[in-house]
Amino acid sequence: HLDNDDMTLAQQAVFEGEASVAAFAYVLAPAGRDVRSLPDLVALSRAAMKMEEEKYDLFRQAPLYLREMITFPYVYGARFVQAFLQENPWADIVDLYSNLPSSSEQIIHPARFFQVSDKPQSMEAETKALRPEGYSEVIYSNVFGEFGFQVFFDHHLGIEEASRAAVGWDGDLVELVSNDKGDEAVVLASVWDSQEDAREFAEIYRKAADVRFDGTVAWECAAEGVSCSWEAGTTR
């Protein structure tokens, strides 16, 4: 899914999550323990990945975004597959591959896949409507997803605010567009589970942008949390 990194990440999490859980199960078997009964596999997987990170200076020095995107399928995927196995036998895991998750939200919150099919909403019409006049050429488009936003906010504000801002995500689309003069703009549209979630996201997004541009951002909002544009220096 070249235009939807979030969906790709979610589906990779099934493959790598199954492999990680199988490894845990193999290690636990001699002790007579069941992987289904383990506590939060996110914490266990992160600890295992941390040990591996210590061996590789290049990975440890890589940007947070790259490190988190590389490890997400193993860390969160393991918990997702564990949640499946807590309700189903190992033999049925093949069923996951004929009905793969479509967002990182479903991986982070397994209940939103297994109990309620919370599929993301398309935002193509919204981004089209938000493009500045004359900016009709789409150079690039993609989906952040809940995890993508979480990592973005973590980079600027820390994990506590990052997690709070990303929860409630229900779909997004970001586009890089240009006009016939070669000028470029970025358009982002997102939808949230509630007005409170949307308002919280907008507030924290503004805070992250202010941190990114050292408080030089000038905001213009048609309606708070509904449609805003911002400018920092020559970056708009």
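Visitor: What makes Glu161 count as buried or exposed?

Guide: Keep in mind that this is a predicted model. Glu161 has a relative accessibility of 17%. Buried means under 20%, so Glu161 counts as buried.

Visitor: How do you know that Glu161 forms a salt bridge with Lys207?

Guide: The closest N and O atoms of Glu161 and Lys207 are 3.1 Å apart. A salt bridge needs a side-chain nitrogen of Lys or Arg within 4 Å of a carboxyl oxygen of Asp or Glu, so this pair qualifies. It links distant parts of the chain, with Glu161 in helix α9 and Lys207 in helix α10, 46 residues apart.

Visitor: Why is Lys207 called partly exposed?

Guide: Its relative accessibility is 39%.

Visitor: What makes Arg164 and Glu200 a salt bridge?

Guide: Their side chains meet at 2.9 Å, N to O, and the cut-off is 4 Å, so the pair counts. Arg164 lies in helix α9 and Glu200 in helix α10, so this pair ties together parts that are 36 residues apart in sequence. Arg164 is partly exposed, with a relative accessible area of 38%. Salt bridges that share partners join Glu161, Arg164, Glu200 and Lys207 into one network.

Visitor: How many salt bridges does a search of the whole structure find?

Guide: The search finds 6. One of the pairs is Asp34 with Arg36, whose side chains meet at 3.0 Å, N to O.

Visitor: Why do Asp34 and Arg36 count as partly exposed?

Guide: Asp34 has 33% relative accessibility and Arg36 has 25%.

Visitor: Let us turn to the second largest pocket. Which residues lie closest to its centre?

Guide: The second largest pocket holds about 330 Å³ of space. Of the 19 residues that line it, the closest to its centre are Asn4, Ser122, Glu124, Val143 and Leu173.

Visitor: Which elements supply at least two residues of that lining?

Guide: They are α1 (5–28), α7 (124–130) and β2 (169–178). β2 gives the most, with 5 residues.

Visitor: How do the lining residues divide into nonpolar, polar and charged?

Guide: The lining of the second largest pocket has 6 nonpolar, 7 polar and 6 charged residues. Among the residues closest to the centre, Glu124 is on the list; Glu counts as charged, so Glu124 belongs to the charged group.

Terms used:
Residues are numbered from 1 along each chain as its sequence is written. This is a predicted model: local features need pLDDT of at least 70, side-chain atom pairs count only at pLDDT 80 or more; totals for chains, interfaces and linings use all residues. Side-chain values use heavy atoms; hydrogens and water are left out. On a 1 Å grid over the protein atoms alone, a cavity is a set of points where a 1.4 Å probe fits but cannot get out, and a pocket is an open set with protein on both sides within 12 Å along at least five of seven lines; lining residues have an atom within 4 Å of a point. Grid points are joined across faces, edges and corners, and a volume is the space filled by probe spheres set on the points. Helices (H or I, at least four residues) and strands (E, at least two) are DSSP runs, numbered from the N terminus. Buried means under 20% relative accessible area, exposed over 50%, partly exposed in between (1.4 Å probe, protein chains only).
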